[in-house]
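Subject: Handing over a structure

Dear colleague,

I am passing a structure on to you, and I would be grateful if you could look it over before reading my notes. The notes follow directly below it.

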Amino acid sequence: MGTLVTLHLPPGSPLTDAPWVITIGSLGDREDWEPVVCGPYERDHAVALARAVVADDDLMAVVEPMLPLDGVDAIRTEIETIRAAAEGDTGPGDQLLAEQSGGGPPPRTPEPIDVRDGWRRIAARLSG
């Protein structure tokens, strides 16, 4: 049984609509191999796929948003925004949600056609 780690987003968070990636690696230091990074996916697809992969194996999956920033200035602006928010943060920010796979009914794992449809929606958002 593996572990899934992701951000717990507040309702209406703009990050929900961002593309998400899954990084899957060994749980602990028992195995020596490079993590596998997959995506982009829509958030619900990423969480469901990651949960299904770690359900029966000692793996860790980290599901996190990608920020499709189009240049150095955009990246620097995002860094400054995050730094400024962290300086004034006196309470907990986005919480990390770690769960052991197997608790409660898992969401439906998307079929490949669902994932490809998600890719089309992501491409439309990124190119729009």
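Helices (H or I, at least four residues) and strands (E, at least two) are taken as DSSP runs and numbered from the N terminus. Please bear in mind that this is a predicted model, in which local features need pLDDT of at least 70 and side-chain atom pairs count only at pLDDT 80 or more, while totals for chains, interfaces and linings use all residues. Residues are numbered from 1 along each chain as its sequence is written, and side-chain values use heavy atoms, with hydrogens and water left out.

Salt bridges

The structure holds five salt bridges, a salt bridge being a side-chain nitrogen of Lys or Arg within 4 Å of a carboxyl oxygen of Asp or Glu. One of them joins Glu80 to Arg83, with the closest N and O atoms 3.1 Å apart; because these two residues are three apart in helix α2, about one helical turn separates them. Glu80 is partly exposed, since its relative accessibility is 46%; in these terms, buried means under 20% relative accessible area, exposed over 50%, and partly exposed in between (1.4 Å probe, protein chains only).

Another salt bridge brings together the side chains of Glu42 and Arg125, at 4.0 Å from N to O. Glu42 sits in the loop between β3 and α1 and Arg125 in helix α3 (residues 112-127), so this pair ties together parts that are 83 residues apart in sequence. Is Glu42 buried or exposed? With a relative accessible area of 14%, Glu42 is buried, whereas Arg125, at 40%, is partly exposed. Leaving aside neighbours within four places in sequence, Glu42 is in contact (heavy atoms within 4.5 Å) with Trp20, Gly118, Arg121, Ile122 and Arg125.

A further salt bridge is formed by the side chains of Asp114 and Arg108, at 3.1 Å from N to O. Asp114 counts as buried because its relative accessibility is 19%, while Arg108 counts as exposed at 58%. Salt bridges that share partners also join Glu42, Arg121 and Arg125 into one network.

The nonpolar core

In soluble globular proteins, nonpolar side chains tend to be buried together. A nonpolar core is here a set of buried Ala, Val, Leu, Ile, Met, Phe, Trp, Tyr and Cys residues joined through side-chain atoms within 4.5 Å. Which residues of the largest core touch the most other members? Of its 17 residues, these are Ile22, Ala61 and Val63. The elements that give two or more residues to this core are β1 (3-8), β2, α1 and β4 (59-65), and α1 gives the most, with five residues.

Towards the surface

Trp33 is placed in the loop between β2 (20-26) and β3 (36-41) and is partly exposed, with a relative accessible area of 33%. Beyond residues up to four places away in sequence, Trp33 touches Ile24, Gly25, Ser26 and Leu59.

Finally, Ile79 lies in helix α2 (residues 72-87) and counts as partly exposed, because its relative accessibility is 40%. Together with Leu67, Leu69 and Ile75, Ile79 makes a nonpolar surface patch of about 310 Å². Patches are made of residues with over 30% relative accessible area and no salt bridge, where like charges are joined within 9 Å and nonpolar side chains (Val, Leu, Ile, Met, Phe, Trp, Tyr) within 5 Å; accessible areas come from the Shrake-Rupley method with a 1.4 Å probe, and for residues only the protein chains shown count as cover.

With best wishes
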